[in-house]
Amino acid sequence: MAGPSFVRAGYVPLLDSAVLIAAAEKGFAEERGVVLSLQRETSWATVRDRIGVGQFDCAHMLAPMPIAANLGLGPLPVPMLAPMVLALGGNGITVSNAVAETMDRCAPEGFDETPASAGRAFAAVVRRRVEAGEAPLRLAVVHPHSSHNYDLRYWLAASGVVPEKDVEITVLPPPLMPDALAGGGIDGFCAGEPWATIAVQRRAGRIVTSRAEIWRRGPEKVLGVRRAFAEENPETLSSLVMALCDAAAWCADPENFETLAGLLSAPERIDVAEAALMPGLAGRLETAPGRFRQIADFMVFAGGGANRPDPRHGRWLYRQMTRWGDAPSSDAGLRIADETFSPTLFDAAMGGTGTNSPEAGERPAGLFDAED
Amino acid sequence: MSQPLTILLVDDNGLRSSIIEEGLREAGYGNVSVVTTVAGLVKRIEMLEPDVIVVDLENPNRDQLEHFFQVSRVVKRPMAMFVDRSDTAEIEAAIEAGVSAYVVDGLKKERIKPILEMAISRFNAVSRLSRELAEARSELAERKIIDRAKGILMKAKKLDEAGAYKLLRRTAMNENRRIGEVAASLVSAYTLLGDD
């Protein structure tokens, strides 16, 4: 075998970049003969641009981003693959103290136990504002092509709130969310950890529901790979997927949470206190000061086939993109989304034909209103 | 003759932005505005209606800006510079230098090119400058540490300055390390043992 392969990967400092960071720093990549060179970026736009010109071979990406690239959306789209899922869940929907207090008044105690009851409480606040002739609430997400955006909209619409009409939806970088919430620039946000936790820790707001509850075990971040790189370096990619699966299993083990939090809290990584990372890792969130809630599958790095891409999830994400006008609806588009999430490379690397959990029809079984 | 272009520069590095601004002005672009903080940026863009927006690639607000360009009905829709994919070398050079640019849809490419080239060359010049500065600082630090290592050796081994330096150099050659590294490990070992 030749010497180690060199892979350049970009990431955005969020809790769900853990698998890439652990692979690079805990020797998982090295064991598989891969030298993984990580570069931190401050925006998804820059990750996309560096992938576009080939400065990165692969990157930590929002699940809809490779689909958007393959659909030719946005600047510099290059053909991409999502051969592995890096994380499921992990996002919290956080509202300002003022909105949370109105929700308290409008809804029975414990409304945050389910997305449906939290949605009813939120819809009641929106209705009140309309009746009082107040301006629509402003909610922020991290990127248009993100599960944050699509899950938030799905939850709002299912609760009877019309995005863009009843509430405004804007885009803000995650680290700015807590301060924007505290300062009144936004009334709520959906962002990946640790930013919901930090907003609560800074007393800026409350977590009213989470992505894991809106769409349980939905893909949040994927390994986005330039298709050209995948075609030219099949063995390297295979080794990388194996290394990342090793790292994912390590990240998912509660025994390693503290070590992982220590690794991620470093100034050159996520650069936040370990105490801001542990709640997300353990799925025990401080939803309001002093109030804790255990959320099942809040942040999933591995287990139960979590890392294997599922074409049905690709198609579902595409349907969300078309639902909200980010992409025109077509059979060709649906096929592109399906192929982007093909498990072929994953299965080849992991030496098996893993199966995706059975889901009837096109709506993922993990949606909170799947039974409706 | 076409209208003069309005250029907006978004960069939180004040030194760099003033260097670029100066360059653009010298090149005859009179309508250059600089924003170093993103607070109120969207309003600023609506007010200025720039033809070209140059943004530092590391600016964390790029996702927000691109979203704003997508949905805004107020400003003429600016497109990422890279939408014109014909000039791959230029795009790569821009990203390498840390420059992203957005131009109002329909604006002629020839009119933008010199602006982007200016931004790229000045971005590169500034990073070269700061790299040189960092190198100069570490060189100075290295020289200081070598002096301390020499002092330690002179005292411990009863050598003169030239002899101490020779010993450092020989060790570095034997161990295939830089003399600064040898000096640094000697100083840290000596500090650990106390009595400095």
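At what angle do the axes of helix 1 (residues 18–25) of chain A and helix 13 (residues 257–264) of chain A cross? In this predicted model, the two axes come within 10 Å and cross at roughly 90°. Angles from 65 to 115 degrees count as roughly perpendicular, and helix 1 of chain A and helix 13 of chain A are therefore roughly perpendicular to each other. On the side of helix 1 of chain A, the residues that meet helix 13 of chain A are A18(A), I21(A), A22(A) and E25(A). Their counterparts in helix 13 of chain A are L260(A), L263(A) and L264(A).

The next element to find is a sheet in chain A. It is an open sheet of five strands, in the order 7-6-8-5-9, and its pairing is mixed. Strand 7 (167–171) and strand 9 (205–210) of chain A are the edge strands, each pairing on one side only. From one strand to the next, the twist averages 25°. Within the sheet, strand 5 (residues 91–96) of chain A pairs with strand 8 (residues 188–192) of chain A in the antiparallel sense, over five bridges. One point to locate in this pairing is N91(A), which stands opposite G192(A) in strand 8 of chain A.

Helix 6 (residues 115–131) of chain A lies across strand 6 (137–141), strand 7 and strand 9 of chain A. Relative to strand 9 of chain A, helix 6 of chain A runs at about 125°.

Further along chain A is helix 15 (residues 311–323), with 13 residues. From its first C-alpha to its last it reaches 18 Å, close to the 18 Å expected at 1.5 Å a residue. Which residues of helix 15 of chain A are buried? They are H313(A), G314(A), R315(A), W316(A), L317(A), Y318(A) and M321(A). The cover over these buried residues includes helix 4 (64–70), helix 7 (147–158), strand 10 (219–226) and helix 16 (331–340) of chain A. After helix 15 of chain A comes G325(A), which has a positive phi near 75°.

Chain B can be described as a whole. It has seven helices and five strands, and along the sequence they follow the pattern β-α-β-α-β-α-β-α-β-α-α-α. Of the 196 residues in chain B, 29% are buried. Among contacts in chain B between residues at least 6 apart in sequence, 64% join residues at least 24 apart.

Methods. Residues are numbered from 1 along each chain as its sequence is written. Chains are lettered from A and ligands numbered from 1 in the order in which they are written. This is a predicted model: local features need pLDDT of at least 70, side-chain atom pairs count only at pLDDT 80 or more; totals for chains, interfaces and linings use all residues. Axes are lines fitted to C-alpha atoms, for helices over the stretch in contact, and angles run from 0 to 180 degrees between N-to-C directions. Helices (H or I, at least four residues) and strands (E, at least two) are DSSP runs, numbered from the N terminus. Angles under 35 degrees count as roughly parallel, over 145 as roughly antiparallel, 65 to 115 as roughly perpendicular and the rest as oblique. Two residues are in contact if their C-beta atoms, placed from the backbone, lie within 7 Å. Two strands pair if DSSP finds at least two bridges between them. The expected span of a helix is 1.5 Å times one less than its number of residues. A residue is buried if 20 or more other C-beta atoms lie within 10 Å of its own, exposed if 12 or fewer, and partly exposed in between; C-beta atoms are placed from the backbone.
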